Amino acid sequence: MSGPSGAGKDTLVDGLRVRHERLKYSVSATTRPPRPGEREGIEYFFVTREAFEQKLAEGGFLEHRLYNDNLYGTPRSFINQALLDGYDVIMKPEVNGAIAIKERFPEAVLIFIVPDRFSLLQTRLEARRTESNDVIAQRLAIAHEELRYVRLFDYLLVNEEAHPEVAVEDLEAIVRAERMRIHRYPDTRIKEIEEN
Ligand code: 5GP
């Protein structure tokens with residue numbers, strides 16, 4: 001799931017995580033300092049730049065990006081293990097990260113989240129009170145860049161401010177429908193049906 005900062009991705013992911021058991025959330029590593037209330041290993045693994053670069057050199061990230069002067073990366077080993085164990089993995093990288101993941105995992109489903117009114121991006125970032133005005137302005141500039149990638153995504157989900165529960169239901173509908181795609185079933189299961 002990607003979309004501009006302030007589109008409501010975090011709330012949507014949290015909403016989905018409580019509804020689905022067979023789903024694991026991939027916790028990224030970042031060099032950004034934690035915001036108040038953010039917990040190590042839950043929202044992110046908060047690491048120093050040196051530690052990030054070392055893991056990067058060891059090939060430990062599936063993809064990584066510099067976003068607003070901080071590094072963010074998707075740990076490779078967690079995703080590989082979760083997929084082997086039969087889980088679906090949800091993650092919320094910025095758009096370039098999403099595109100990089102689709103290149104490595106063509107079966108990945110890219111969902112783009114936007115707010116119903118774009119003025120909400122600024123309102124939400126300001127209401128959060130965790131970033132300076134400069135950082136908010138930079139995030140809004142990046143957000144406008146990100147919107148130009150929308151056509152590369154598989155789904156567009158409009159997160160309506162007045163009905164946040166609907167967006168979680170829509171997200172759940174996508175997960176459920178995607179799980180029923182023919183190509184996601186084991187071939188043996190499809191053969192069983194064919195040969196009935
Ligand atoms: P934030 O600082 O608001 O938590 O995250 C900044 C941006 O980085 C958001 O768009 C977020 O989705 C994105 N992001 C978080 N983790 C990763 C990651 O592992 N890889 C990439 N490419 N982007 C990430």
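Guide: A residue counts as buried when its relative accessible area is under 20%. In this predicted model, Phe112 has a relative accessibility of 1% and is therefore buried by that cut-off, and Phe153, at 10% relative accessibility, counts as buried too. The rings of Phe112 and Phe153 have their centres 4.9 Å apart and their planes at 75 degrees, and because an angle over 60 degrees counts as edge-to-face, that is how the pair is classed.

A search of the whole structure finds 5 aromatic pairs. One of them joins Tyr44 and Phe46, whose ring centres are 5.8 Å apart and whose planes meet at 65 degrees, so this pair is edge-to-face. Tyr44 is buried, with a relative accessible area of 13%, and Phe46 counts as buried at 17% relative accessibility. Ring pairs also extend the picture around these two residues, linking Tyr44, Phe46, Tyr67 and Tyr72 into a cluster.

Charged side chains meet rings as well. The charged end of Lys24 sits over the ring of Tyr87, at 4.3 Å from its centre, while Lys55 lies over the face of Phe61, with a distance of 5.6 Å to the ring centre.

Note on methods:
Residues are numbered from 1 along each chain as its sequence is written. This is a predicted model: local features need pLDDT of at least 70, side-chain atom pairs count only at pLDDT 80 or more; totals for chains, interfaces and linings use all residues. Side-chain values use heavy atoms; hydrogens and water are left out. Rings of Phe, Tyr and Trp (its six-membered ring) pair if their centres lie within 6.5 Å; planes under 30 degrees apart count as stacked, over 60 as edge-to-face and the rest as tilted. Buried means under 20% relative accessible area, exposed over 50%, partly exposed in between (1.4 Å probe, protein chains only). A charge sits over a ring if NZ of Lys or CZ of Arg is within 6 Å of the ring centre and within 35 degrees of the ring normal.
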